[in-house]
Amino acid sequence: MSNTESSNIQLELSLLNNGLDFILKGIDELFDDDYVMREYSSAVDIGTSSYKYGVLNLFSGFLLLLKERLYRHMPELIFKGTLKDIRNKLSSEKIPNTVDLDEALEKLEIGPRFVFSERNVKLIRYVQDVRNKFEHYTISVNKYELWSNLSKFLELIDKFLVEELHINIENSPEALELQEKIHTIDSVWQRTQQERRSQFDLEIQDRIEDRIEEFNTSRDRAMQELKTESYSSNGADKLLRNCPDCYEQTMIVYDDFIGICSNPECGSGHALTECLRCDELTPGYPWQEKFCDSCSNWIDEQ
Ligand SMILES: [Zn+2]
Ligand SMILES: [Zn+2]
């Protein structure tokens, strides 16, 4: 084995192992022993520094994995600049700087022809943005937004390790450890989200019950208002939607009695969410991604 060959192999090992190492460190900074994202109460307390070093490490680790992929395609690709410049520098024994995220993404596309989906690029940019802000000043982050995005980012890393770097977890204890951590974080996140949703749904249900009661005690006034309102907005179509319980067009979708069915024989109440296609209100919890009846029909006909 020649000298260059053995130093190439060393570089390869250090890219991958350092990458895994950084990601594991990042996870340990960000998550506690139960794989829950750490709490912090103010923008200057110690928790913020966990978030900061956590995100910095995750991002550096991810960039190293991208470099590893480039290196496997052609070692020179991990350096900044054109191939010609890089080779010139290397032959005069100068070591060029290595690529940043933008150049890594570009070279992945040109070299091994690997492209992240638009959605994933957005996610990577989100992490990069948080990382840059943390690096330069203290920021206040929404813990759940950060957790949600980091959990998706870790899934992306996991997929990249398996599909692009063909990491065999049997041969790499770090990769095995990382994969186990990523999967646990994801399942804890899913559970937390579920709990938050059910809490949120209960609060919404309570508010609907109150609204139904209020509607029943002031039904005459409310119906009178509905009449006046529908007269001034040229018809009841904009104010009433089909009720999912009685199938009449009697569910109020404006003002105080939003979500309440005005049909006296029905009297049900519903949480409402915006239709993904037309933004009209349709029965469903705010976190649900739904289409209204007419958009669902339209989609079925396509
Ligand atoms: Zn009804
Ligand atoms: Zn719609």
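## Two domains

The chain splits into domain 1, covering 3-194, and domain 2, covering 198-301. Keep in mind that this is a predicted model. Computed between their C-alpha centres, the gap from domain 1 to domain 2 comes to 46 Å.

## The nonpolar cores

How many residues does the largest nonpolar core have? There are 40, and I23, V55, F62, L66 and I157 are the ones with the most contacts inside this core. Six helices each put in two or more residues: α1 (3-30), α2 (46-73), α4 (101-110), α5 (118-136), α6 (143-163) and α7 (173-217). Which of them gives the most? That would be α2, with ten residues.

As a general point, nonpolar side chains tend to be buried together in soluble globular proteins.

## Where α6 meets α7

Now for a pair of helices. The axes of α6 and α7 come within 10 Å and cross at roughly 145°, and the crossing is left-handed.

Who makes the contact? On the α6 side you'll find W147, S151, L154, E155, D158 and L161. Facing them from α7 are A175, Q179, I182, I185, D186 and W189. Sorted by type, the residues of this contact come out as seven nonpolar, two polar and three charged.

Notes. Residues numbered from 1 in each chain as written. Chains lettered and ligands numbered in written order. Predicted model: local features only at pLDDT ≥ 70, side-chain atom pairs only at ≥ 80, totals over all residues. Core = buried A, V, L, I, M, F, W, Y, C linked by C-beta atoms within 7 Å. Buried ≥ 20, exposed ≤ 12 C-beta atoms within 10 Å, placed from the backbone. Helix = DSSP H or I, 4+ residues; strand = E, 2+ residues; numbered from the N terminus. Axes fitted to C-alpha atoms, helices over the stretch in contact; angles between N-to-C directions. Left-handed = near helix turned anticlockwise from the far one by under 90°. Contact = placed C-beta atoms within 7 Å. Nonpolar A, V, L, I, M, F, W, Y, C, P; charged D, E, K, R; others polar. Domains from an automatic or database assignment.
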